[in-house]
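Please work through each task with the structure at hand before reading its solution.

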Amino acid sequence: MRLSPHITVMQNAAIKAAKRLLRDFSEVEQLQVSIKGPGDFVTQADLRAEATLREELARARPGYAFLMEESGASGGDNWSWRWIVDPLDGTTNFLHGIPQWAISIALQRRFSDGQTEIAAAIVYNPATNEMFWAEKGVGAFLNDRRLRVSARRIMSEAVFSTGIPFAKVQEGLRAPFLRVLTRLMPQVAGIRRFGAAALDLAWLAAGRYEGFWEIGLKPWDCAAGILLVKEAGGYVTTPEGQEISDFDQDVNVVAGNSHLHGPLRVTVLQSLSE
């Protein structure tokens, strides 16, 4: 398949950053680790990957701005194109030798009226060599295979994924999360927590899940995954049903196929409102 220039740039940057990440992953016990906060680690691997991605993306598109997990926003306020980058989504998995982590890159476009959209996205898991990618209006793909969300429409056959609050998550989100679980568990085939939101959304696009929800995600956790789900025929909104377009603040995400996004969204909203 012939890739567009943007997707080619993104995939090449991710593959280059992945080479060092894979070497570090094979020697995870020797990594130098500093602690930002409980359960939120930054490794030398993480920082090196971000530096590589910045260098490669800036070389290919020197006028584009950045929003990156470790170094934040850069490139000026009047950008028309911006990279949203997580160099290592699933850092805790990485540090524990669990091969469920990814490089996530989204390309955000801003129009003259101030409106924005995610124009292109990749989520790459080097440990499994799965390259998920999407472009606005083109579709979503896993390597060379076109993706479609699951067609399941019965809750009792559905598997949902989520992010379980942990030590650093504010206490006020724990009770609503438990209320969602209490409502969903009796209805569904399973609920999964694999620890990498970008991959959760990519897997939803691939039909491996029927839905996903998480409150308080960072933009770099979900920007690429949101486009993947949409281009695979799924729906992504806030719990209130609004489109997600503001990636300068935390994001509340409910995603799903056309049949089960609605019931999942209502369940999450009710649990947050109580």
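**Exercise 1: Surroundings of a serine**

Leaving aside neighbours within four places in sequence, Ser150 is in contact with Gly207, Tyr209, Glu210 and Asn257. The model is a predicted one.

Task. Determine where Ser150 lies and whether Ser150 is buried or exposed, then identify the polar contact of its side chain with another side chain.

Solution. 
1. Ser150 is located in the loop that runs between strand S10 (145–146) and strand S11 (159–162).
2. The relative accessible area of Ser150 is 9%. Buried means under 20%, so Ser150 is buried.
3. The side chain of Glu210 is the partner in a polar contact with the side chain of Ser150, at 2.7 Å.

**Exercise 2: Helices H5 and H6**

Task. Classify the relative orientation of H5 and H6.

Solution. 
1. Helix H5 (residues 197–205) packs with helix H6 (residues 219–231) at an angle of about 0°, and their axes are 8 Å apart.
2. Angles under 35 degrees count as roughly parallel; H5 and H6 are therefore roughly parallel to each other.
3. The contact residues divide into ten nonpolar, one polar and one charged.

**Exercise 3: Helices H4 and H7**

Task. Describe how H4 and H7 cross.

Solution. 
1. The axes of helix H4 (residues 174–184) and helix H7 (residues 261–273) come within 8 Å, crossing at roughly 135°.
2. H4 and H7 are therefore oblique to each other.
3. Their crossing is right-handed.
4. Among the residues making the contact are Arg179 and Arg183 of H4 and Gln270 of H7.

Methods: Residues are numbered from 1 along each chain as its sequence is written. This is a predicted model: local features need pLDDT of at least 70, side-chain atom pairs count only at pLDDT 80 or more; totals for chains, interfaces and linings use all residues. Side-chain values use heavy atoms; hydrogens and water are left out. Axes are lines fitted to C-alpha atoms, for helices over the stretch in contact, and angles run from 0 to 180 degrees between N-to-C directions. Helices (H or I, at least four residues) and strands (E, at least two) are DSSP runs, numbered from the N terminus. Angles under 35 degrees count as roughly parallel, over 145 as roughly antiparallel, 65 to 115 as roughly perpendicular and the rest as oblique. Ala, Val, Leu, Ile, Met, Phe, Trp, Tyr, Cys and Pro count as nonpolar, Asp, Glu, Lys and Arg as charged, and the others, Gly among them, as polar. Buried means under 20% relative accessible area, exposed over 50%, partly exposed in between (1.4 Å probe, protein chains only). A polar contact is a pair of N or O atoms within 3.5 Å; within protein, one must be able to donate a hydrogen and the other to accept it, and residues adjacent in sequence count only if both atoms are side-chain atoms. Contact means heavy atoms within 4.5 Å. A crossing is left-handed if the near helix is turned anticlockwise from the far one by less than a right angle, and right-handed if clockwise.
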